[in-house]
Amino acid sequence: MQQFLTTALTGLTQGMIYAAFALALVLIWRSTRIVNFAQAPMAMITVYIALVIIDAGYSYWLGFAAALLSGLLLGAVVERVAIRPVEDKPHINAVILTLGLFIVIHALAAVIFGSNYRSFPAPFGLSGFRVGDVNVALTGFSVFTILAVLAVMLLLVLLFRFTNVGLMMRASAFNQEVARLLGVRVTRMLTQGWALAAMVGSLSGLLIAGGNLVHPSYMDSVVVFGFVAAVLGGLDSPIGAVVGGLILGVSLSFVSGYIGSEVIALAALVILMVVLLLRPGGLFSHAPARRV
Amino acid sequence: MTAFAQRIWASTLGRHLLLAGLGLVAVALVLENTSAFRNGQFAVMAYMGIAAGGLTVLTGLNGQLSLGHGAFMAIGAYTTALLLDDYESAPPLILVLLAATAVALVIGAGVGVAAARLHGPYIAGATLALAIAVPGIALYFQGTLGGEQGLTVVVPDVPNWFADAAYFITANDVSSSKYVAYIGWFSLIVSYVLLANLSRSRVGRIWRAVRDDDVAAEIAGINLGRARVLAFVVSTACAGLAGAVLALAVRLAAPSGFMLTLSLALLSAVVLGGLGSLLGALIGAALLTFLPQVVTSIGLDAGLTDLQAAELAPLVYGLTTMLVVILAPAGIVGTARAARRRRRSHP
């Protein structure tokens, strides 16, 4: 029972992180119809920026803020410089481009920061709370993780529902041509969308790194988990991404706890295949429509 | 004589066999006149070329993207390592190569059936998951697959008939690394002839039709699923063969050799050379093999440490991949062909 509870709680925390990462993928997919496979290394390199600041003796929160800010900036720059030229090209070009970006950022991080493992600090305790005699697997940092992701989701909902910018971003995601006719600067909205998504990606990178080891490929498997979570939710729905992330986090945690941590990527692959074969549109799909 | 040559050149099979023969002569000339170190590098180029050839057919002709070819190379390499485990009673090498190809083919068929129903980013994501997942299997079955250390591969002795024939023709002794290089290039030439014939045949035309417009292809009576699965299977069989040659050349099958970077490197080789072109795949493989050495030595001269300089090569080919996609999506071969065509039409 104790192990069951521990596994479930760990899974919930991991699931929140996958949800944040999936949310970042969904934001970009909705606005530009591109799955940004370079999201993982983009988040990774901003976490390194935070690490450099923290190692230089500044506070954790300064590094945290710097990582989020550089994520915002990196997302905007990537969209402007790399993605803009292939936006109206065949689909495969954009996918290959993000993979090229994946290789580039990966190598860049290894050249600049070295490819050895470095430990990343956590701002809160890493041992579980005690309730009576039972050690609950909910650490201070995992509470912070859950709250941080919830806060980001709330802010995104507020942004998209209640602000002018959010409305314009939704309009340009819905129909670029009509939005442009109505006076929305669609290209600027796309850049903002990428920036926002990259920032959410950086947040998930920071949350995974907290109390763990960081190296240039530490986010590689997360891009797969985030993608699986996003597909579970249908790739188009932010709520779906969050639910998908939670489902995936808990299931992978059980696989890791009862079978072995080596096979969690395999389990993710199996889940992805089952979902794609049974409900290709995700768990929340309505009427499937495909333009030809 | 020229009429005869022209007749051979006019038939697809004849042209491909002629080119294959010339290729074999060129390979022998190069391998006999280079050092053992270079022979090893040529073996690397051979297995990269085989895998890239399979991938370029899948992506260029059929329009499916696979980020999981590293995983199929791992399957081929582990099959080879397991079959060659017993030095005394190991089966003949040709059977080992065929077995590695067949195992990758069967698993590829399983994945292909699922992947054929996917399109766009879904297939990229699914094969990406495959590339991440497969090294974990080797870790999970530590007993048979050797865990993190992997399996060492025992390369069988050079057979006497091969050594005699090689001595008769070239008057050089055949070292083990040269033998492996010959095996690699022989496999490459055989697989390229098969791929080239396939792409010129009915099957290749069906693949192109599916790539260009799947609805139109289906109306024309093409079974989309079957065409996609077939392309995937052919491509993974090549990756399995490449994995077998890799196991022989590196003498090790370990999870660290099949990380995501391998699959991404293959993809960038194919994009650089030009999607759909076997010559392009070979050029891409050559770049992947010989570029790192050059770039790393430049990096070392510039004062970087060994580890940092080793990362310069992926940096360069990643950047080149991005530039090619943005500026010249047809790749090296495609751009060169387009330029030649332009020159011909406007003399």
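## A helix crossing in chain A

Helix α2 (residues 39-55) of chain A and helix α8 (residues 186-209) of chain A have axes that come within 8 Å and cross at roughly 65 degrees. Helices are DSSP runs (H or I, at least four residues), strands likewise (E, at least two), numbered from the N terminus. Axes are lines fitted to C-alpha atoms, for helices over the stretch in contact; angles run from 0 to 180 degrees between N-to-C directions.

The crossing of α2(A) and α8(A) is right-handed (near helix turned clockwise from the far one by less than a right angle). On the α2(A) side, the meeting residues include A:Q39, A:M42 and A:V47; on the α8(A) side, they include A:G201, A:L206 and A:A209. This contact has 8 nonpolar, 6 polar and no charged residues.

## Basis of the model

This is a predicted model: local features need pLDDT of at least 70, side-chain atom pairs count only at pLDDT 80 or more, and totals for chains, interfaces and linings use all residues. Residues are numbered from 1 along each chain as its sequence is written, with chains lettered from A and ligands numbered from 1 in the order in which they are written.

## Chain B touching chain A

In all, 39 residues of chain B are in contact with 42 residues of chain A (C-beta atoms, placed from the backbone, within 7 Å). α6(B) gives the largest share of the chain B side, 14 residues. That side divides into 29 nonpolar, 8 polar and 2 charged residues. Ala, Val, Leu, Ile, Met, Phe, Trp, Tyr, Cys and Pro count as nonpolar, Asp, Glu, Lys and Arg as charged, and the others, Gly among them, as polar.

## Chain B overall

Chain B holds 17 helices and 2 strands. Its C-alpha atoms fill a box of roughly 55 × 55 × 50 Å, taken along the principal axes.

Notes
Contact = placed C-beta atoms within 7 Å.
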